[in-house]
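Open the model in your viewer and follow along. Each stop tells you what to select and what is there.

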Amino acid sequence: MSVTTETGSTTFTSLNPATGDVVGEHPVHDEKAVLEAVQRAKAAAEWWAGLGWKGRRVRLLNFKSAIARNLNEVARVIHEETGKPVGDAVFEAVGAINLLDWAARNAGKVLGPRSVFPGLLAINQKAILEYHPLGVVGVIGPWNYPIYTPMGSIAFALAAGNTVVFKPSEYTPGVGVLLGELMAEAVPEHPVFQVLTGYGETGGALCRAGVNKVAFTGSGPTAKKVMAACAETLTPIVAECGGKDAFIVAGDADLDAAAASALWGAMSNAGQTCTGVERIYVVESVYDEFLGKLTERANKLKAGYEEEGTSFGPITMPRQLDIIERHINDALASGGRAVVGGPESVRRPFVDPVVLVDVPETSSAICEETFGPTVTVSKVKDVDEAIERANATEYGLAATIFSRSRSAIEVARKLRSGMTSINAALAFALIPGLPFGGTGESGFGRIHGADGLREFARAKAITRQRFKTPLDTTTFTRTEKEVEQIVNLMKKLHGKTYR
Ligand code: NAD
């Protein structure tokens, strides 16, 4: 168990999933505490927005510096609460620093006021487009990447001029609390970033507390509950949910590189990655060779905690172990074979690598998010069949194609996913300027990049009349002759046939 509590208790403990040790004890924030935090955030929002781009930028860069200076401590808490190796925890925090740095440096450029060409009809107007903050953003986060994932919303919401109330996962509250402390160190003046710990109820209360937007990252079923709660007050949401990402190996792929990348995409973080590789489709001409390279590498990986040679940690959320086990058993019961590991790979709380082949497309191992260090490998006739199978899912988060051909970009375009990498799984996650998000059951809206900044702002249009024109289209003062002139002008400007 990662989390323990007694019904009605006002605190809960976070546990190390590998050892069972208590990592920390945190309050279960109730509805009243949530409302008060949102009120404080509303009061702070005016000050934060009033700082302008420069004022916020310097403070957010200081928040980033505080995380960087405390990188070892941040990584330690991530390591203890999730069980992932310290090195992985460091890289995760580095990713969060990267996001924060980009958001801080680019918000003014992306969201600041700009002139827009007014068009001939309104040539006498100056047209200004700018993006205003929404107010208070409630961020609800998952446990698998407890700093990188929520930072994709937190940094962009703050940089856009909003204040933030963050509800971290009940499995990783300590990471959230530490983030809150580091922000308070960097921005001591007002509570622009507050952290509320607790379970789903605390998240539900946040949705109903009068925030101006909710940025949710977690499972699809919870996203639907969040959406339903937010619907009561027409509060908009951005939903970053799960995936069943495909990895395609074309006949001309560098098979060593493809095997190394597919394995890392599938097994790193014990497969607990929303954009993790879960299904591999390999063109038949290279299937055997690729599978050989993949299994050889997979046999060398091992789950563990702090032992020498550990490749990845335990399954952080205990109930996920049942899902992983069910998917392995379903695959085998429906005619699939395990070429690496098998049911015995589930050594609670650890799962060693499992590579499954010949699994029917209807099996839960192919259709549902597994979120464990397991992967299916399927033979396809050609890349077109691979695309078809890759897209035959309700999810649409990310995908990878390995090919030496320049036309790999066309394959990338055809894959129904928010992000697609060519020749390096998950590379998009390293690039803070690119938008991140899915479609279908993977959610909607975008975090990261310019789109991620706009997600937390509302567009504001302003016009200023610069001079009067003979034809005043914004009053009743127009003559029939002027209308006739407009008709003639329109015929000339827009009446031609286009070829
Ligand atoms: P989860 O849905 O169980 O919980 C996510 C958060 O929602 C937690 O903080 C939880 O306390 C809160 N919550 C639960 N019930 C709630 C309710 N009724 N109202 C409001 N909040 C509520 O998800 P998880 O197990 O923490 O995370 C794993 C899932 O997240 C996987 O499906 C994974 O793919 C997905 N994920 C997606 C992304 C992405 O960016 N697309 C990133 C990381 C993880």
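A salt bridge here is a side-chain nitrogen of Lys or Arg within 4 Å of a carboxyl oxygen of Asp or Glu. This is a predicted model, where local features need pLDDT of at least 70, side-chain atom pairs count only at pLDDT 80 or more, and totals for chains, interfaces and linings use all residues. Residues are numbered from 1 along each chain as its sequence is written, and side-chain values use heavy atoms, with hydrogens and water left out.

**Stop 1: salt bridges**

Select K84 and E92. Their side chains form a salt bridge, 2.7 Å from N to O. Buried means under 20% relative accessible area, exposed over 50%, and partly exposed in between (1.4 Å probe, protein chains only). K84 counts as buried because its relative accessibility is 3%. E92 is buried too, at 3% relative accessibility.

Next, select K64 and D101. Their closest N and O atoms are 2.9 Å apart, in a salt bridge. K64 sits in helix α2 (residues 52–69) and D101 in helix α4, 37 residues apart. Helices (H or I, at least four residues) and strands (E, at least two) are DSSP runs, numbered from the N terminus. Both K64 and D101 are buried.

Now select R413 and E410. This salt bridge spans 3.0 Å, N to O. Both residues lie in helix α14 (residues 408–414), three residues apart, about one turn of the helix. R413 is exposed, at 57% relative accessibility. E410 is partly exposed, at 39%. The salt bridge count comes to 25.

**Stop 2: the two domains**

Color 2–242 + 448–458 as domain 1 and 245–394 + 398–430 as domain 2. These bounds come from an automatic or database domain assignment. The C-alpha centres of the two domains lie 30 Å apart.

Select the interface. 21 residues of domain 1 are in contact with 21 residues of domain 2; contact means heavy atoms within 4.5 Å.

**Stop 3: a buried threonine**

Select T376, in strand β17 (residues 374–380). T376 counts as buried because its relative accessibility is 2%. Show its neighbors: T376 touches E278, R279, I280, L356, V359, A365 and I366, leaving aside residues up to four places away in sequence.
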